[in-house]
Amino acid sequence: MKFYIDDLPVIFPYPKIYPEQYQYMCDIKKTLDAGGNSILEMPSGTGKTVSLLSLAVAYQTHYSEHRKVIYCSRTMSEIEKALVELESLMDYRAKELGHREHFRGLGLTSRKNLCLHPKVRKERKGTVVDEKCRRMTNGQQKRKLEQDPNANVELCDFHENLYSMEPENYVPVGVFSFEKLIKYCEERTMCPYFTVRRMISMCNIMIYSYHYLLDPKISERVSREVSKDAIVIFDEAHNIDNVCIESLSLDLTNDVLKRATKGANDLTDKIHEVRQVDSQKLQDEYEKLVNGLRAPDMLDESEEPPVESPVLSQDLLKEAIPGNIRRAEHFVSFLKRFIEYLKTRMKVLHVISETPNSFLQHLKQLTFIEKKPLRFCSERLSLLVRTLEVSDIEEFNALKDIATFATLISTYEDGFTLIIEPYEIENAAVPNPIMRFTCLDASIAIKPVFEKFSSVIITSGTISPLDMYPKMLDFETVLQESYAMTLAKKSFLPMIVTKGSDQVAISSRFEIRNDPSIVRNYGSMLVEFAKITPDGMVVFFPSYLYMESIISMWQTMGILDEVWKYKLILVETPDAQETSLALETYRKACSNGRGAILLSVARGKVSEGIDFDHHFGRTVLMIGIPFQYTESRILKARLEFLREHYQIRENDFLSFDAMRHAAQCLGRVLRGKDDYGVMVLADRRFARKKNQLPKWIAQGLSDADLNLSTDMAIANTKQFLRTMAQPTDPKDQEGVSLWNYEQLIKYQNEHQKKGDGFVVTSEEKKDSEGDVAMM
Amino acid sequence: MVVDDDEKKDMCPICKTDRYLSPDMRFLVNPECYHKICESCVDRIFSLGPAQCPYEGCDKILRKNKFKTQVFDDVKVEKEVDIRKRVFNVFNKTLDDFDGDLQAHNKYLEEVEDIVYNLDNGIEVASTEEKLRTYEELNKQLIMANIKRSRQDLDSFEQRQKFEKEMKLKKRQLERQIEEEELANREWARREIINQISTAEDPEDVIAHVKKTVKLKKSSARRKLEDLNKVLKNNPYMTVSNGLMKKKDVKPFTPFNGDRELHKRYVLSESHYDDPFIKSLQSKKEYIASGFRADLIYDRMLTEAFMGLGCIISEEMQTTQLSSVS
């Protein structure tokens, strides 16, 4: 259907629209008009992606600025989903408008997922694929081949074929999902990865993962060409602060150091070799450095540096590479000294946490390494590796890590900390030291994005409380909005259970969580819900450790035997393959017979990105609040930083973080308006946290359900399931939670009469809430 | 200790004792030849005075007092760092000594690196040593000054770290205190309200009153925290490190954006001026000898004449205020 928001014609690919979708689009448009950032929380399963895309496309095609759209999502499957959605949207638009628009939409993912080269694609590790690809495609090999046609070099045909074409003609105009793109490229022997990379500037809409914008190692090359007025959308952004932090953090282990030493020794040999065979090459490089040339000057336009700069481009030093690392030999000995120093630091027997500054000071005292050459470390390594044409990937990767570490630690001071932990787990006898350089300030990595682009939209199904994100990421919003869900009948039942059937308070608090009475109460709750839940049921625990201990206690108490009478039990493990097998079995069991229970972990793979729609999940049971492991040094440092710099109290942050994960778990079962499910939060401490849940969940949570015991919750659930079992008339939804065109127009007219339509939205929402309560 | 794959590392090559038999064994090296010997062997062999290195084929004479613990696992790096220590004690110029001339500094850094590399790899050792000695002789004063300076830097760095750590701790304590007091206050208010309601008539009034008293109770800890924050703001060490930045901020207001007008409002053309007095001076030897130049005189006069023109102080005050605010 086609309708107008103010003066903007929006083509929406369905004949009916949810009221919240309309509101959502209005708010996005307002943000874009105002030219600022916004945070929007839209209930899961209400067609967030399609509303985002249809508005963004409409906005782009209608206004003369033709602002590009960058849509960032989290995982490859989500990106693919968005691409397919976009494809069908464009098909619909073509039908509606009567002609195909000149519109390009492409998605980008890692080489690992896109590579077509018969040998390289078989590699299992993503980094190895990247390296092998880079070796074959970075132009150096090609030049060699041109000079000497018999040279023993391997080029990637898929990449070479691109040279014979103009970038505009790589793929025809239109939207290509990954599947379609790979098929298209396979037929024509083209490299899909580079096709997309080179076409970024021609695309009307780009869909890729956050990392391409946030990680300085890749954002500089991939997203540089994107113009400033582009519209940036971060979808599923509830974890965006963690992504920001990860992109500037690095861990080193003894193994890495050992391999790096080997890599450095290999470099020495290689330099020696090259000096004898072709000393001119090293001399050339050296002279260029003396003349103050930097890596970007020396590389060809299309060539990728072997080592990416790990720091944000504005933090790069703009001067010549310092004299003491100009000669290859000097630089290698410099690297060796640095590695040896790191090795001595690894020998600690207790945890050390220090600032980058004190690390540098100590480093200088022991090894006479100054701060400045360290800053240039990754760039210098990149040039050297290029000159020497190093081929060993494994050891080179370790060296790359070292150089990255050196550059990071010497560039950043505030908001970073270095933590050296000698033992992997507490009370371990064998030391396995790990050196973590951690970013504590999520705003550093995302700052360039906010500075460059005028409109950034951050959205997710569960992003409450909204004001935490602007604080943590240090930006200002023009709009923050959380939408309620309009429903014809109450189709989900959130409950907070605080007591067991015997009125003992239940909690996963560390001190009491292994108490037999609490374990038994959780167990009996599981049994009771297993009895009355039809089909699938998902149970979330705060951690693997707790899950294991509680399952073994249930086993001795005979609770699992009881559950087995009703459902099959499956468990998530840290191993990805095992988990996917468990998931598959779970789905099979839900589709046939009595259904199954999946025991999983709140921060695990299952809790993010895997949907349990319809019969795959009728009940979700959250056992305990999923707090982070508070003894973790990194978390402690981050909490301290947040308190000092952003005035966020420790407990506030911990509870915020726990609740966003809990909400994320709850959202797994409700994937649309025709879906229904029971959500149980089982912990005494949830009772006071209602206002930290997303609005759409809190809206369904009546005050009477805040403090239930197990038997009361069971009674509620029985009643709820009985109402759900009644046949529904799809017509009930119309006008309330689903608008057709006339109803939309009616709504728009009403609001225009009232003057400014947007001021009244909150009132409108109250109305719809009332509807739900009445039903 | 770190478990290493090669066992040889933990065995003394002289007496063949390993860590399994004597867990607290320590290894020492002598900077003459960097051969690793365990502590007890060093005591045994060298306590009677200098002796030959017990390694086969090594004919270096070693002294006990030169033995030291190895900092780095890699002997080559250990050796290099020792050489570096010696060289850097002499070649200790910093960028400041080059008046910020980056190119010269880089060249200097490279030279030093060459010296270290040569000494380390035994290339032209004699001539390099010679170079080192001559440089030391020539720049004795500078070297001393730089050593002193680096020591000072180190001291102030350590002091600053200590200071910051202390302040952090204090702040944390106060914050915790405030939190506790707030909690106690809330508890007190709750109880007080219940107590008073039992006797009073208008409960709304009581609640308002109690809440007001709680608000007025500004704890001493809070005041202390404010004081501490003030101290932190004018942290003496912060100004040392960020001296340049800070100075710019505190500089007093001057018109012409700092006493210097870059865009001159006049053009100097000597040929147009005809001043017989100055012309006559121009030909006098005693004036020319002391550096008299007519154009400078004209320039000065014109500057004086144009001084202050086009300078609207109120405007400039505004812009500087704005910039300081932003």
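**View 1. Strands β15(A) and β20(A) run side by side.** β15(A) pairs with β20(A) in the parallel sense over six bridges. Two strands count as paired if DSSP finds at least two bridges between them. Strands (E, at least two residues) and helices (H or I, at least four) are DSSP runs, numbered from the N terminus. Across this pairing, Phe492(A) stands opposite Gly677(A) of β20(A). β15(A) is mostly covered, with seven of its eight residues buried. Buried means that 20 or more other C-beta atoms, placed from the backbone, lie within 10 Å of the residue's own; 12 or fewer means exposed, and anything in between partly exposed. The model is predicted: local features need pLDDT of at least 70, side-chain atom pairs count only at pLDDT 80 or more, and totals for chains, interfaces and linings use all residues. Residues are numbered from 1 along each chain as its sequence is written, while chains are lettered from A and ligands numbered from 1 in the order in which they are written.

**View 2. The open sheet of chain A.** Seven strands line up in the order β17-β18-β16-β19-β20-β15-β21, with parallel pairing. β17 (568-571) and β21 (708-709) of chain A are the edge strands, each pairing on one side only. Strand β15 (residues 492-499) of chain A joins β21(A) in the parallel sense over two bridges. Here Val497(A) has Leu708(A) as its bridge partner in β21(A).

**View 3. Helices on the sheet.** Helix α23 (residues 544-557) of chain A packs on the sheet and touches β16 (537-541) and β18 (596-601) of chain A. The direction of α23 makes about 135 degrees with that of β18(A). Helix α27 (residues 650-666) of chain A lies across β16, β19 (619-623) and β20 (677-682) of chain A. α27 runs at about 160 degrees to β19(A). Angles run from 0 to 180 degrees between N-to-C directions; axes are lines fitted to C-alpha atoms, for helices over the stretch in contact.

**View 4. Chain B against chain A.** In this view, 22 residues of chain B are in contact with 23 residues of chain A. Contact means C-beta atoms, placed from the backbone, within 7 Å. On the side of chain B that touches chain A, α2 (75-90), α3 (102-121) and α5 (140-199) of chain B each give two or more residues. α3(B) gives the most, with nine residues.

Technical notes
Contact = placed C-beta atoms within 7 Å.
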